[in-house]
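The structure comes first, then the notes by topic.

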Amino acid sequence: MITGQWPYGQSEERAVAHVVVSQLYKKYGELQVVHGVDFEIGDGEFMVLVGPSGCGKSTILRMIAGLEGVTGGEIVINDRMMNDVPPRDRDIAMVFQDYALYPHMSVRQNLGFGLKMRNAPRAEVEATVRKTAETLQIEALLDRKPKQLSGGQRQRVAIGRAIAREPQVFLFDEPLSNLDAKLRVEMRTQIKRLHMSFKVTSIYVTHDQTEAMTLADRIVVLRDGRIEQVGTPEELYARPANRFVAGFIGSPTMNFIEAQVVEEGNGLRVVPVGGPPLAIPKSRAQRYQRHAGRPVILGIRPEDVTNTWTEESRARESAVPLDVAVEISEPLGSDTLIFARLGNAEIVCRASGMSAPVSGSAIRLNAHMDRMHLFDPESGMAL
Amino acid sequence: MSQDAAVGAASRTGSRHKKAWHLAERPLVWLAPLTLLLFVTYVYPAIDVIRYSFTDATLLNPEYAYTTDSFKAVIRSPDLPGILWVTFAFVVASVILQLVLGLLVAMALHRGVRRRLPGVSVVRIIILSAWIVPGVAAGIVWQLMFNEASYGFLNAVLRGAGLSPVAWLSDPNIALWSAVIANVWRGTAFSMLLLYAGLVVIPSSLYEAASVDGATALKQFWYITLPQLRPILLINTVLISIFTLNTFDLILPLTGGGPGRATEVLALYTYNTVFRNFDLSNGAVLAVVLLLISIVFTLIYVRLLPREL
Ligand SMILES: Nc1ncnc2c1ncn2[C@@H]1O[C@H](COP(=O)(O)OP(=O)(O)OP(=O)(O)O)[C@@H](O)[C@H]1O
Ligand SMILES: [Mg+2]
């Protein structure tokens, strides 16, 4: 689907950029919205900034673009300090949430605008526009105005306008949020393909954790202008640093159950309030030993409370049988979500297959305790 | 399939609003008062003017006969080419200056508002106050500004700066420009207001995209601001043309059309023909000419409206 070279120039010669953001602060008047953020993006890396609405993702991205002044800290692209460099000299391209296509220009002019502003020769602009349009399969739309395009087509043009420029860094601010669900998935794949073929350093802002997980090489999770965790999707999923990240990554969201760690003769257990004790596997016992006798928050993902055994869990005997009272079940096709009661807590489980158990019945599932998490009830930090 | 639905809908509306006025279905009912008002205040006087243009009426003699001599007299009048030229120059210069100045002021104001500079609303009020000043008052104000007697403000400034005074109103080559300046002073506020409204609705993300795309401020103005303002600029041009074409209240106290006929625009010429020469029929002919030109501009305006906005 996406073929060929970088639209113009030789792909081998293309500069790749790394971006360093250090101790970044932003204040709007008296309102501090970014509180000392540090992260680094390697050459050709796809970094996703994710977090709930209002956490400062767009603000950070716009500071990197130069559209917003920096209150404190540094933005460095390829060893060049960018704080006071105007956007046009940063060699970046940005895809905006509302696309920001130039309404009075044709698609062709939109695609070529960046090159024209850089005084590229006419023939080169034309060749690049043609290549870009080919890459994104929008050749047929070149003479239309943005008004005459569908949302998905506008999206493509917006991306095309960015790649035609051949920038060192791509910035995306929630580029898919105005598309319907199906198109969103399609364009997500498209963006991923583009990145895999061109390997341009990219920073992508979204509040959708699925987008973050599927696209990112690494993810920065933000909350209230602070970094909660930086890591690969696997790291964030398997080893969330705190309850916020654990709850933010993964869908449906992780179950959090008030519980207590207790030590019994033959091992360590975690006891949900009002529920049955669950054995902590030996692999985790040492780590959790020192919390014996303390209240904790038990975190376990819906997909880890299920009706199947994995080879691993069987071998390690880490799957604990768990009897739950079914309240509602929602068949999704491949899986069934089971909303059930465990002690005082309401939990979601994910059973494979369409076998929707009846409301009110009790069923036995397996809790894969080797994937359990414990969090400090006060600080929310992973234990 | 829609037959049932249509019948259903009809009977439903029929029963629910049995006694209601079906205003949407009877436009005449609610258009009638407006039509009557327009007829009495606009159409009838206009028709009457057209009727007088086909007579030999004067203000001094109540008797008149129907004739087309007035048209011939006006067209053959040796004054007409000069009048038309003055009118053309007055309108074109006013339109260009009001567009340019209006745009500059609107952009400055827009910047000021976006940066939350203090005093912006004061500036806006001052500019608007120029617009609400009646034409006659503006003419008098500028007559004092340009006055070549010792109290004339501009010449006092020039003298203070060690420059020789200018014959603002008595030099036939300068008087028209003085009239243009006074008219622009009054009209810029309107132009500014329209253009400011146009600037406000340009999405700021277009400028952001352009600046990321490498456009300098000047290129942003050329490639974003101007094309985005195009419809407003066109409509503004037409409206200013109509306003300026019909201006005589400003010039009357300023120069009275002089020196000679240097500032006698068509509207003022019409006024003078009727109220100074008491020649009602020739004045009516000139009024018809004015009306025709205005109608042409209005048609352009009407054509532009739906397409451009
Ligand atoms: N120009 C501004 N003036 C004042 N406050 C602002 C401005 N822009 C953003 N903010 C505030 O800064 C905070 C972060 O905004 P930002 O747009 O970065 O959030 P976000 O993470 O992108 O959220 P979303 O997912 O809704 O786009 C918000 O509380 C917002 O109200
Ligand atoms: Mg945002």
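**Salt bridges and chain contact**

A:Asp304 is buried, since its relative accessible area is 2%. The model is predicted. Across all chains it holds 19 salt bridges, and three of them are between chain A and chain B.

**Salt bridges within chain A**

- A:Asp304 pairs with A:Arg371 in a salt bridge whose closest N and O atoms are 2.7 Å apart. This pair links distant parts of the chain, 67 residues apart: A:Asp304 is in the loop between β14 (295-300) and β15 (305-306), and A:Arg371 is in the loop between β19 (362-368) and β20 (373-375).
- A:Arg371 has a relative accessible area of 34%, so it counts as partly exposed, whereas A:Asp304 is buried at 2%.
- A salt bridge also joins the side chains of A:Arg341 and A:Glu327, at 3.1 Å from N to O. Because A:Arg341 lies in strand β17 (residues 335-342) and A:Glu327 in strand β16 (residues 319-331) of chain A, the pair ties together parts 14 residues apart in sequence.
- A:Arg341 is partly exposed at 35% relative accessible area, and A:Glu327 is partly exposed at 32%.
- Between A:Asp143 and A:Arg108 there is a salt bridge with its closest N and O atoms 3.1 Å apart. A:Asp143 sits in the loop between α3 (122-136) and α4 (151-164) of chain A and A:Arg108 in helix α2 of chain A, so parts 35 residues apart in sequence are tied together.
- A:Asp143 is exposed, with 62% relative accessible area, while A:Arg108 is partly exposed at 36%.

**Contact between chains A and B**

- Chain A contributes 23 residues to the contact and chain B contributes 16.
- About 1,700 Å² is buried between the two chains, and carbon and sulfur atoms give 60% of this area. A:Arg88, A:His104 and A:Met117 supply 32% of the area that chain A buries against chain B, more than any other three residues.
- Twelve residue pairs are in polar contact between chain A and chain B, both residues being at pLDDT 80 or more. On the side of chain A that touches chain B, β6 (92-95) and α2 (107-117) each supply at least two residues; the largest share, four residues, comes from α2(A).
- B:Asp213 and A:Arg165 meet through their side chains in a salt bridge of 3.3 Å, N to O.
- A network of salt bridges links A:Arg62, A:Glu68 and B:Glu208.

**Nonpolar surface on chain B**

- A nonpolar surface patch of about 1,200 Å² has among its members B:Trp30, B:Leu38, B:Phe39 and B:Ile47.
- B:Leu38 belongs to helix α2 (residues 27-53) of chain B and is partly exposed, at 42% relative accessibility.

Methods: Residues are numbered from 1 along each chain as its sequence is written. Chains are lettered from A and ligands numbered from 1 in the order in which they are written. This is a predicted model: local features need pLDDT of at least 70, side-chain atom pairs count only at pLDDT 80 or more; totals for chains, interfaces and linings use all residues. Side-chain values use heavy atoms; hydrogens and water are left out. Patches are made of residues with over 30% relative accessible area and no salt bridge: like charges are joined within 9 Å, nonpolar side chains (Val, Leu, Ile, Met, Phe, Trp, Tyr) within 5 Å. Accessible areas come from the Shrake-Rupley method with a 1.4 Å probe; for residues, only the protein chains shown count as cover. A salt bridge is a side-chain nitrogen of Lys or Arg within 4 Å of a carboxyl oxygen of Asp or Glu. Buried means under 20% relative accessible area, exposed over 50%, partly exposed in between (1.4 Å probe, protein chains only). Contact means heavy atoms within 4.5 Å. Buried area is the accessible area (1.4 Å probe) that two parts lose on being put together, summed over both. A polar contact is a pair of N or O atoms within 3.5 Å; within protein, one must be able to donate a hydrogen and the other to accept it, and residues adjacent in sequence count only if both atoms are side-chain atoms.
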